[in-house]
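User: I'm new to this one. Could you walk me through how to read it?

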Amino acid sequence: MRTRPAGSTVLRTLAAAILLFATGCAGPADTAAPAAVAPSSSPATVMRLDKPAKLLGTWPESVDRVLRGQAEQNMGNFKKLLSGDPTSALGTAFVRATEVYSRQDGLHIPGDDQRVILVSAVSGTIADPTATVDRIFAGLPNVTNVEAVQPGPLGGMARCGIGQARTGLRVDICVWGDQHTLGMVTFIGFAQADDPHAVFGQIRAELEHPAR
């Protein structure tokens, strides 16, 4: 059974878990990049980002302004890494169950499953996807064990790393980049058995679509 902090501290604890990763894209990478899976060729079709009604079929969008604000902040940082203006952008959070409000607990996620997924992504022109992804991880010094992962059928390249917030919660971060899109998926409170790095590819496929 998943456990959660008592009362109104639940979302505050989750918010604290992501504050360590708010440095975003500060400065270029000054360390050697980890060994990488050879990047797949980027799709020829120009892509855009769309928010699903529910992520992974059942995860509703969070109404918590702190969680969504962090995702929006990362999205804003990513816009600065584009060559030109963004053609679409997405920054929001998804939770395992719709949050509810009570006088005793404040705004909280009911039940024991307190996992949260943050999504931050932009579309436009990315001149060098590999260097851009490296730059993002260089701005996340608390994320370690960064390794290349398969980017999925949409191509480009992707890497995932693991961090631990001062609250003790595990935080997994996956970043992808191709010629048309750049994005990050942050998994808060996922266990290793949840295999968030595998779930990442499915999430990316739900967000990224050919531009009309």
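**Charged side chains**

Analyst: Let's start with a polar contact (N or O atoms within 3.5 Å; within protein, one must be able to donate a hydrogen and the other to accept it, and residues adjacent in sequence count only if both atoms are side-chain atoms). Here the side chains of Glu 99 and Ser 62 make one, at 2.5 Å. This is a predicted model, where local features need pLDDT of at least 70 and side-chain atom pairs pLDDT 80 or more, while totals for chains, interfaces and linings use all residues. Residues count from 1 along each chain as its sequence is written, and side-chain values use heavy atoms, leaving out hydrogens and water.

User: How many salt bridges does a search of the whole structure find?

Analyst: A salt bridge puts a side-chain nitrogen of Lys or Arg within 4 Å of a carboxyl oxygen of Asp or Glu. The search turns up 10. One of them joins Arg 159 and Asp 134, N to O at 2.0 Å. Since Arg 159 sits in strand S7 and Asp 134 in helix H3, this pair ties together parts 25 residues apart in sequence. (Helices, H or I of at least four residues, and strands, E of at least two, are DSSP runs numbered from the N terminus.)

User: Is Arg 159 buried or exposed?

Analyst: Buried means under 20% relative accessible area, exposed over 50%, partly exposed in between (1.4 Å probe, protein chains only). Arg 159 is buried, at 2%, and Asp 134 is buried too, at 17%.

User: Which residues join into one network through shared partners?

Analyst: Arg 96, Asp 113, Arg 115 and Asp 194, linked by salt bridges.
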